[in-house]
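Morning, everyone. Please take a look at the model on the screen, and then I'll walk you through a few of its features.

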Amino acid sequence: MLAFAEKVFASETKGEGVRDEISMFEVQDDCPILQQEMAHHLHTDEDTEKRWVVRQQKCRTITLPSSMSDQARKVLAPVADVLFNIPTYLEVPDFQRVAIIGDYASGVTMDDFELSCKGVYRALTIREKYMRLAFQRFPLTTSQYLREIEGEPFKPEHTVQPVFTSPPKKGEDPFNTKCLPENLSWVARMKDGVIYTYKDAAAADQHKPIENMPAPDYMTFIDDMNFLIALIAQGPIKTYAHRRLKFLMSKFNVHEMLNEMEEMKELKLNPHRDFYNCRKVDTHIHAAACMNQKHLLRFIKKSYQVDADRVVQNVKGKDVTMKELFANLNLHPYDLTVDSLDVHAGRQTFQRFDKFNAKYNPVGASELRDLYMKTENHIDGEYFARIIKEVASDLEDARYQYAEPRLSIYGCNPNEWTKLSILSLCSSVNVDIFRGKNFVPHFGKMLENIFLPVFQATIEPHANPELSIFLKHVTGFDSVDDESKHSGHMFCTKSPKPEEWNIVKNPSYSYYIYYMYANITMINQLRKARGMNTFQFRPHCGEAGAVTHLLASFMTADNISHGLNLKKSPVLQYLYFLTQIPIAMSPLSNNSLFLEYAKNPLLEFLKKGLMVSLSTDDPMQFHYTRVRPDCEPVW
């Protein structure tokens with residue numbers, strides 16, 4: 001015991017600065033000289049040469065001797081094929097690869113395996129069918145395997161892709177109307193919630209739409225949706241998908257363990273490129289909240305200093321100046337702070353989408369929201385446009401950061417389109433709000449207000465050149481609302497047509513998705529035929545609510561935003577992986593609404609191979625710094 005105590009004491013005193021005879025040869029783990037030597041080791045050519053020798057030795061060790069028996073050769077031949085017949089895409093220098101050889105074991109019985117494969121195959125063909133119809137993306141690799149299963153040759157020219165407008169070149173006028181196609185005498189008219197294109201009014205009366213522009217079949221869509229609902233509920237398929245997802249995550253973990261240092265070396269050897277000076281695109285950011293709260297506060301104060309006597313509102317025929325507006329609210333911009341502005345979401349908004357929406361009202365006043373963050377106001381959205389222009393200027397100064405802001409179309413009247421002149425859009429919101437206030441007589445009228453102006457601008461672009469030019473820079477349609485609210489309506493063959501939906505109650509999510517997709521499909525076919533750009537369908541999906549939301553988007557959407565509920569369905573998660581559906585995720589946004597930050601599945605989805613990206617969603621509610629696509633945390 002005494003000897004042990006002396007050793008403990010010696011170790012303690014050694015930590016206090018007492019040196020022994022070998023202390024001069026010891027090096028601490030955090031020594032900067034040691035770290036510098038390790039970093040230098042990553043860049044030495046000698047290390048590369050040693051790795052090449054080891055690789056050659058490994059190859060030589062599996063050479064099959066001539067004296068080996070035929071049975072042994074049959075056993076070891078697959079190993080030699082794996083090492084020698086390496087596909088081109090795996091020939092990455094100094095990266096280790098793990099090969100799994102032998103009979104494929106799926107972890108389920110052969111009967112369950114066959115059932116799972118047939119179900120997954122049909123699900124993939126369903127998505128491919130609807131993506132082709134709407135000129136949206138479907139991965140080439142998956143398409144190649146489907147053609148191989150069907151015994152048909154794969155031809156890349158048979159694939160369809162969305163058509164985008166190229167950015168204007170230097171000195172080119174992006175608002176030039178001479179490039180617009182000529183007007184046509186065609187007619188666009190809605191029938192059963194879907195807008196069709198006819199050659200003339202007589203053809204429209206007889207419902208004879210133009211050929212080669214087929215609409216999605218309503219009954220077939222319902223059948224496909226019912227099949228997918230049954231598929232994601234089958235036990236054998238859930239087991240198979242769960243095992244495949246675990247296998248994918250294990251592959252990522254093994255790759256990370258084996259090649260972490262090599263990836264770090266590759267990063268260090270890449271000149272003039274790191275996280276801050278590589279291009280980043282924020283594909284999910286709402287224009288009404290694209291500024292941070294300090295930016296909004298600064299703009300309000302500045303506008304009051306300059307335009308205090310400007311008429312900004314008309315109440316019951318009486319003009320109201322900005323100064324009078326603030327006086328009616330018992331406010332003065334000089335006294336406002338970011339705390340009193342109260343636009344930042346916190347724990348009080350968790351699971352409360354109604355409180356989150358209220359955060360769009362500065363100091364709780366809807367009058368200020370109408371003035372600064374909407375286009376439908378007395379000044380035609382001038383302040384809103386100026387705020388977005390300032391945010392765009394910040395992005396231009398950042399040089400490596402881009403964004404696609406989403407603007408709101410509510411479907412109250414068809415004139416909303418003419419007041420939008422920025423870059424992108426999103427649509428739509430609750431029909432129950434507008435039906436309850438008699439803004440629209442039925443759901444079909446809201447659809448008509450949203451989509452009919454787009455058809456008319458496509459058929460006769462010179463009749464509304466401002467809208468036609470604006471649509472050239474629109475990339476897609478969104479669908480935004482509180483997914484946690486349950487409508488109680490199941491979308492089926494007995495569902496009323498949009499023209500018949502005249503009750504206050506809101507339709508189901510799948511009902512919204514189908515009719516938006518159907519109209520986008522018809523628009524894309526018309527615009528493709530006219531040589532114009534097409535639109536993508538990019539709804540909010542899977543943030544809350546039922547997993548059937550994700551199922552409907554699997555059938556119809558090019559990409560989605562959020563996708564949190566994919567973690568609840570291994571089958572849908574596996575299908576999203578196979579089809580590589582892009583998912584723009586917003587952990588900071590979810591943390592204040594539906595899911596705590598530590599439980600966010602973004603990292604898990606990334607490891608499994610799903611196509612995920614980071615987005616900011618609503619910087620005004622969640623951020624304290626300038627809006628940037630790199631504001632979100634990155635693992």
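**Salt bridges**

Let's start with four residues: E128, R132, R147 and E150 are linked in a network of salt bridges. A salt bridge here is a side-chain nitrogen of Lys or Arg within 4 Å of a carboxyl oxygen of Asp or Glu. Before I go on, what are you looking at? This is a predicted model, where local features need pLDDT of at least 70, side-chain atom pairs count only at pLDDT 80 or more, and totals for chains, interfaces and linings use all residues. Residues are numbered from 1 along each chain as its sequence is written, and side-chain values use heavy atoms, with hydrogens and water left out.

One of its links joins E150 to R147, at 2.9 Å from N to O. Both residues sit in helix α6, residues 140–150. They are three residues apart, about one turn of the helix. Helices are DSSP runs of H or I with at least four residues, strands are runs of E with at least two, and both are numbered from the N terminus. An α-helix has 3.6 residues a turn, so residues three or four places apart point the same way.

Now, buried or exposed? For R147, the answer is buried, because its relative accessible area is 10%. E150 counts as partly exposed, because its value is 31%. The cut-offs: buried is under 20% relative accessible area, exposed is over 50%, and partly exposed is in between, with a 1.4 Å probe and protein chains only.

How many salt bridges does a search of the whole structure find? It finds 16. Here are two more pairs. K608 and E604 come to 2.6 Å between their closest N and O atoms. Both lie in helix α23, residues 602–608, four residues apart. K608 is buried, at 10%. E604 is partly exposed, at 32%. Then there is R310 with D307, where the closest N and O atoms are 3.8 Å apart. R310 is partly exposed, at 25%, while D307 is buried, at 15%.

**A patch of charge**

Next, the surface. E256, E260, E263 and E266 gather there in a patch of negative charge. One of them, E260, belongs to helix α9, residues 235–268. How is a patch defined? Its residues have over 30% relative accessible area and no salt bridge; like charges are joined within 9 Å, and nonpolar side chains (Val, Leu, Ile, Met, Phe, Trp, Tyr) within 5 Å. Asp and Glu count as negative, Lys and Arg as positive, and His and the chain ends are not counted. A charge is placed at NZ of Lys, CZ of Arg, CG of Asp or CD of Glu. The areas come from the Shrake-Rupley method with a 1.4 Å probe, and for residues only the protein chains shown count as cover.

**Strands**

On to the strands. Two strands pair if DSSP finds at least two bridges between them. β4, residues 311–315, and β5, residues 318–321, pair in the antiparallel sense over four bridges. V315 has K318 as its bridge partner in β5. The two strands form a hairpin with two residues between them. In that turn, K316 has a positive phi of about 55°. Most residues other than glycine have a negative phi. K316 is exposed, at 85%.

There is also an open sheet of four strands. Their order is β11-β12-β13-β14, with parallel pairing. β11 (540–541) and β14 (612–614) stand at the edges with a single partner strand each, so one side of each is left without a neighbour in the sheet. Three bridges join β14 to β13, residues 583–585. I583 pairs with V612 in β14.

**A covered helix and a loop**

Two last stops. Helix α21, residues 570–579, is mostly covered, with eight of its 10 residues buried. Among them are L572, Y574 and F577. Just after α21, Q580 takes a positive phi of about 50°.

H207 also has a positive phi, near 50°. Where does H207 lie? In the loop between α7 (201–205) and α8 (218–233). H207 counts as partly exposed, at 29%.
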